[in-house]
Number of protein chains: 4
Amino acid sequence: MSFNTFGRVFRFTTWGESHGPALGAVVDGCPPGLGLSEADIQPFLDARRPGTSRFTTQRQEPDAVRILSGVFEGRTTGTPISLMIENVDQRSKDYGEVAKAYRPGHADYAYDAKYGFRDYRGGGRSSARETAARVAAGAIARLVIPEVTLIAYVCELGGDPIDPARFDAGEIGRNPFFCPDAQAAKRWEAKVDAARKSGSSLGAVVECVATGVPAGWGAPLYAKLDSELAAACMSINAVKGVEIGDGFAAARLSGETNADPMRPGADGAPEFLANHAGGIAGGISTGQPVVVRVAFKPTSSILTPVETITRQGEASEIVTKGRHDPCVGIRGTPVVEAMVALVLADQKLLHRAQCG
Amino acid sequence: MSFNTFGRVFRFTTWGESHGPALGAVVDGCPPGLGLSEADIQPFLDARRPGTSRFTTQRQEPDAVRILSGVFEGRTTGTPISLMIENVDQRSKDYGEVAKAYRPGHADYAYDAKYGFRDYRGGGRSSARETAARVAAGAIARLVIPEVTLIAYVCELGGDPIDPARFDAGEIGRNPFFCPDAQAAKRWEAKVDAARKSGSSLGAVVECVATGVPAGWGAPLYAKLDSELAAACMSINAVKGVEIGDGFAAARLSGETNADPMRPGADGAPEFLANHAGGIAGGISTGQPVVVRVAFKPTSSILTPVETITRQGEASEIVTKGRHDPCVGIRGTPVVEAMVALVLADQKLLHRAQCG
Amino acid sequence: MSFNTFGRVFRFTTWGESHGPALGAVVDGCPPGLGLSEADIQPFLDARRPGTSRFTTQRQEPDAVRILSGVFEGRTTGTPISLMIENVDQRSKDYGEVAKAYRPGHADYAYDAKYGFRDYRGGGRSSARETAARVAAGAIARLVIPEVTLIAYVCELGGDPIDPARFDAGEIGRNPFFCPDAQAAKRWEAKVDAARKSGSSLGAVVECVATGVPAGWGAPLYAKLDSELAAACMSINAVKGVEIGDGFAAARLSGETNADPMRPGADGAPEFLANHAGGIAGGISTGQPVVVRVAFKPTSSILTPVETITRQGEASEIVTKGRHDPCVGIRGTPVVEAMVALVLADQKLLHRAQCG
Amino acid sequence: MSFNTFGRVFRFTTWGESHGPALGAVVDGCPPGLGLSEADIQPFLDARRPGTSRFTTQRQEPDAVRILSGVFEGRTTGTPISLMIENVDQRSKDYGEVAKAYRPGHADYAYDAKYGFRDYRGGGRSSARETAARVAAGAIARLVIPEVTLIAYVCELGGDPIDPARFDAGEIGRNPFFCPDAQAAKRWEAKVDAARKSGSSLGAVVECVATGVPAGWGAPLYAKLDSELAAACMSINAVKGVEIGDGFAAARLSGETNADPMRPGADGAPEFLANHAGGIAGGISTGQPVVVRVAFKPTSSILTPVETITRQGEASEIVTKGRHDPCVGIRGTPVVEAMVALVLADQKLLHRAQCG
């Protein structure tokens with residue numbers, strides 16, 4: 001089944017394909033009276049935009065967003081906000097080969113198996129271009145949660161992690177990798193260049209930290225804050241794993257090491273002496289920073305030939321020409337941040353619904 | 001907000017607390033005409049049941065399920081199936097201390113922050129007893145997907161992984177750890193004993209493999225098969241991470257290594273030469289085994305004293321007496337399996353809805 | 001598809017059949033901290049209870065409700081509230097004939113067409129016994145909206161309307177018809193007696209008025225307050241029509257007659273000079289009383305023989321013995337009231353979610 | 001809360017205001033492989049289009065629809081279909097007065113009460129222009145249910161009903177009132193002219209009949225086919241009542257008169273001797289024509305002055321200039337038809353999900 005809506009009360013629906021005329025999102029359930037114009041959204045789209053360095057796809061898309069509804073005299077009205085981004089740099093002729101054979105690791109075969117056929121141009125609906133719509137919606141979600149500060153960055157690229165001791169938030173915007181460690185960024189430059197030149201691709205791990213989330217957002221069970229974050233992040237193209245706090249590493253700790261001890265804090269709220277939990281216990285925020293980590297596989301579209309079959313089931317080999325990111329995880333960084341914002345906005349409103 | 005329903009068309013709602021009179025689930029959207037009696041559900045509850053070895057909590061619960069609706073003359077009618085399990089071995093007096101102070105790593109503080117108070121007896125709604133309801137619902141989900149074979153096991157305990165070369169599915173039911181490697185099971189025995197005796201606890205990683213899922217289940221975006229699996233598994237108590245296929249390891253592979261090449265298979269369907277993707281591409285199943293891996297943190301309720309605060313915000317220290325699993329991941333195994341079954345049943349029906 | 005859950009954030013799921021061991025509801029999303037015990041629910045069940053006069057079915061059901069979860073020390077915890085009512089007076093042997101042939105006007109044929117078979121005992125899931133679960137859930141909804149006063153009554157029975165000039169709210173509880181007009185109640189006594197004796201049945205119109213709903217609940221479009229009320233009421237057994245305010249009569253008015261003029265009221269809020277709109281404009285409450293009117297068809301189960309077919313498609317004739325209400329609309333009155341309460345509670349929380 | 005999405009598996013989300021740049025709908029869950037181009041949608045928009053006779057608003061809108069996604073090489077791909085209609089004939093200057101004072105019967109006051117302010121131009125989101133998006137979405141729904149034939153018509157206008165004996169389906173398209181009775185159409189011409197000239201407005205009743213719906217669509221309870229139809233139709237602007245089959249008239253019948261007797265039909269399916277039930281029993285279709293009747297109140301925007309208050313709460317009087325339909329029920333006819341199509345498409349897919 002096609003489900004292109006995410007969220008429970010603050011919801012968004014995305015539409016559009018890589019090579020269609022446009023793509024967009026409808027944001028529903030937004031509180032009224034928030035100041036909103038295209039200028040609140042565009043910077044986030046610019047951060048995700050392709051073609052800004054040699055380390056991303058060379059497709060040139062201005063990704064200029066238009067607000068078509070839901071805003072009156074500069075403020076949200078409480079009615080649905082329609083956002084549209086026109087596609088301008090499609091080159092469908094690049095995709096002749098993809099129409100005939102399946103790219104291993106890509107959605108091609110699965111789409112054909114499900115729907116009987118597919119829009120093969122640029123991956124159609126499975127293209128990461130869809131994430132522009134999420135980033136646009138996420139920019140609105142941020143307005144709903146002004147108490148929260150979000151930061152996302154690549155913490156590992158091609159198996160090469162940052163050094164936490166060198167973490168510098170100010171560095172993130174200064175290199176093309178959203179990397180908070182200047183030395184790692186240097187190394188990654190060489191890594192990505194090498195992958196690009198050899199027709200290969202790389203994976204990455206993105207970390208997002210949300211500070212300022214008050215204790216109490218979330219739910220005990222199937223709409224747990226961590227469950228929603230996992231769904232949100234796993235829904236991003238190329239993502240294969242999600243962790244909250246220590247994640248898989250927590251499975252290797254003893255109970256007493258993993259505990260986040262509390263002592264009386266300044267303002268009545270507890271002071272936590274650690275944050276193995278990543279700010280969530282029992283599905284509900286604890287007031288500590290919410291920490292999510294997301295694994296992106298290497299881009300499936302590569303110039304190295306891979307064994308495959310044609311739509312007719314015959315043996316073949318495929319090389320994906322087109323224009324592709326050598327590491328989708330890089331541009332996935334603002335997408336993860338957007339999805340975390342969207343989940344938090346929804347959970348804030350849900351909490352208010354039930355608990356006033 | 002409290003959301004105790006999971007699923008889109010095949011849905012279940014759970015209710016109940018650790019020390020209430022009973023707990024249960026209502027399964028809605030089940031196809032009609034499936035043979036169903038308590039005997040189809042009980043074995044799965046028995047596998048998850050506490051008190052069966054010294055490696056799990058000593059609480060004695062028969063976990064006998066009753067079907068209260070939705071079945072007529074031994075077959076599902078298509079109307080909601082109400083399942084109830086009575087609690088018989090509550091010992092609320094164990095929880096006096098928990099009422100007064102927060103157990104670090106547990107949901108206590110977050111619940112109070114959200115709701116203003118909480119049912120502290122045995123963790124109330126945040127108790128892993130709730131998972132009995134999921135396992136019962138999962139047993140019905142299995143009837144919806146007879147084409148799928150599910151297997152789940154602990155693949156790492158306290159940081160000690162199984163040896164894939166020693167994998168023996170038949171071994172899983174022969175030790176108290178759902179461990180497919182007889183030698184690892186031996187080692188874990190010592191490990192868990194040690195943790196239990198020292199008042200500590202251990203984490204674990206559970207893997208679930210679903211064979212027989214046809215290509216085409218899932219959705220391109222927010223109801224992606226992997227997104228739904230991530231939400232389902234992250235909603236289980238104590239889970240902090242979810243991976244599909246190679247998961248975080250995929251972020252360290254090159255594009256050509258991570259690709260799952262295809263060649264013509266026996267029956268027209270492709271033969272895949274690898275399964276790094278864990279059976280899902282673009283959110284849709286590929287026909288390969290679906291592989292999910294889930295990280296359980298060590299049990300938060302431990303006998304080792306931990307620094308904490310009282311409900312009044314005063315400094316304190318807590319030791320959690322009660323009866324607890326030294327490693328919740330062990331009994332989490334049938335729960336993961338149940339959640340995967342529930343997601344697959346839902347996705348099968350969703351696929352049928354859209355694609356006939 | 002079976003959908004047994006109603007509501008968006010304040011939700012309830014019902015289960016159970018006429019002749020199963022029990023029926024119940026799970027109420028989810030309820031705000032925490034509300035005082036709740038069985039005594040808050042039972043009076044509403046008693047009002048709907050069968051067998052209390054000769055004008056209703058003679059089935060004797062105490063309809064004693066048990067709260068199985070979600071309440072701790074007398075207050076709602078914010079987690080799901082499970083309610084159970086045991087069936088005690090089933091007489092399945094009455095239904096042999098119904099198993100073989102379809103009762104015209106009843107759900108029998110439609111169920112078989114949908115599901116392939118059905119639980120024919122007492123109508124199974126399509127029995128009005130399910131409405132006990134709604135009434136129980138509705139009693140909890142009332143606690144969420146203490147600002148609202150609800151009143152429901154039969155305003156027409158067997159085509160004989162009350163005289164608005166004789167409306168006396170105090171009268172409603174003094175006769176077995178929920179009739180606010182003492183003279184009409186007298187006439188209806190004869191009417192229902194006659195129908196009962198001749199093996200016939202009667203329809204009725206129920207009106208529900210909610211006073212105290214503040215302006216602003218509802219939504220502009222597909223979750224309009226009136227749309228939700230229509231869905232809620234039309235989901236009640238035997239209902240064939242729903243009106244808001246003047247309803248169908250509004251279609252016969254001119255624009256200027258139908259307008260509800262406003263003038264400045266005492267406290268800044270407008271004073272309305274009429275309420276043709278029934279308290280809802282553009283899907284949102286106006287602060288005036290919300291008025292809903294619901295048409296119940298005559299009971300389908302009658303002693304008068306009707307032409308029908310058997311399950312095998314052969315011509316037959318059917319007389320429905322069992323025990324049935326000669327006019328389901330009467331006992332439908334507390335059900336309408338409950339459904340209105342459930343919608344209003346949900347809309348209150350939704351409004352709070354979006355607008356704070 | 002703003003909920004601009006309707007449907008469960010076949011869903012659509014609408015957006016846009018009367019005087020924004022455009023409005024639209026995103027249709028999600030549509031089966032793949034259906035032939036679809038703008039030409040499949042435009043005729044239905046043309047039927048609803050304003051300015052086509054002197055009996056509707058004089059606003060001139062071509063209502064040209066563009067498909068922006070979800071279609072590839074002329075067929076639906078199974079991914080979301082984005083539809084956009086540009087607004088071309090806004091005249092916002094007409095609305096100065098509406099900005100300052102509330103139009104009685106209109107959503108103005110309720111919106112301000114809910115959201116704190118509103119887009120007053122042409123009613124903003126509460127404008128009937130939104131229904132263009134529904135009609136466009138409805139055109140796609142029709143493709144999902146080729147087995148169903150839909151017909152909708154005005155059966156009463158200003159209290160003047162058609163004569164069923166003169167019913168001629170061919171007549172519906174031949175007059176500006178969607179009237180199936182040529183003589184009634186003549187009378188209505190005079191009626192609407194008179195209302196228009198005197199600055200008044202009229203209500204109407206629209207009937208929609210769906211033939212070809214197989215037995216078995218729908219659900220026993222909260223997603224009953226009749227409940228969904230009621231929600232769908234009550235969500236249309238200006239609607240105040242919905243009936244299924246005999247509706248309120250059924251409340252005046254005896255049980256034996258209201259029964260729809262069955263006898264063996266030609267092909268194994270029963271032949272029904274009447275259709276008081278309007279094709280639905282127990283929430284599930286019976287195979288008979290599904291009959292829905294919808295009451296539209298008279299247009300609230302009238303030239304006759306009405307007593308009101310300003311936004312500041314001062315006494316005032318208002319005359320609504322702008323351009324308005326003298327009877328919104330007329331152009332509501334294709335909207336009712338679209339909503340019925342949308343519900344049936346959703347229910348067809350839901351039925352397929354559960355029952356195969």
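Strand β16 of chain B, covering residues 290-296, is mostly covered: 7 of its 7 residues are buried. Keep in mind that this is a predicted model. In a regular strand, side chains alternate between the two faces of the sheet. Here, V290(B), V292(B), V294(B) and F296(B) point one way from β16(B), while V291(B), R293(B) and A295(B) point the other way. Whichever way they point, all of them are buried, R293(B) included.

So who are the neighbours? Strand β10 of chain B (residues 204-211) pairs with β16(B), and so does strand β11 of chain B (residues 239-244). β11 also turns up in a pairing between the chains, where β11(A) meets β11(B). Here are the pairings side by side:

| Strands | Sense | Bridges | Residues facing each other |
|---|---|---|---|
| β10(B) and β16(B) | antiparallel | 7 bridges | A210(B) and V290(B) |
| β11(B) and β16(B) | antiparallel | 5 bridges | V242(B) and V294(B) |
| β11(A) and β11(B) | antiparallel | 3 bridges | G241(A) and E243(B) |

That last row leads on to the interface. In total, 107 residues of chain A are in contact with 105 residues of chain B. Together the two chains bury about 8,100 Å² between them, with 65% of it on carbon and sulfur atoms.

What about charges and polar groups? The rule finds 2 salt bridges across the interface of chains A and B. In one salt bridge, the side chains of E156(B) and R252(A) meet at 2.6 Å, N to O. On the side of chain A that touches chain B, you'll find 57 nonpolar, 31 polar and 19 charged residues.

Methods: Residues numbered from 1 in each chain as written. Chains lettered and ligands numbered in written order. Predicted model: local features only at pLDDT ≥ 70, side-chain atom pairs only at ≥ 80, totals over all residues. Heavy atoms only, no water. Buried < 20%, exposed > 50% of the residue type's maximum accessible area, 1.4 Å probe, protein only. Helix = DSSP H or I, 4+ residues; strand = E, 2+ residues; numbered from the N terminus. Pairing = 2+ DSSP bridges. Contact = heavy atoms within 4.5 Å. Buried area = accessible area lost by both parts, 1.4 Å probe. Salt bridge = Lys/Arg side-chain N within 4 Å of Asp/Glu carboxyl O. Nonpolar A, V, L, I, M, F, W, Y, C, P; charged D, E, K, R; others polar.
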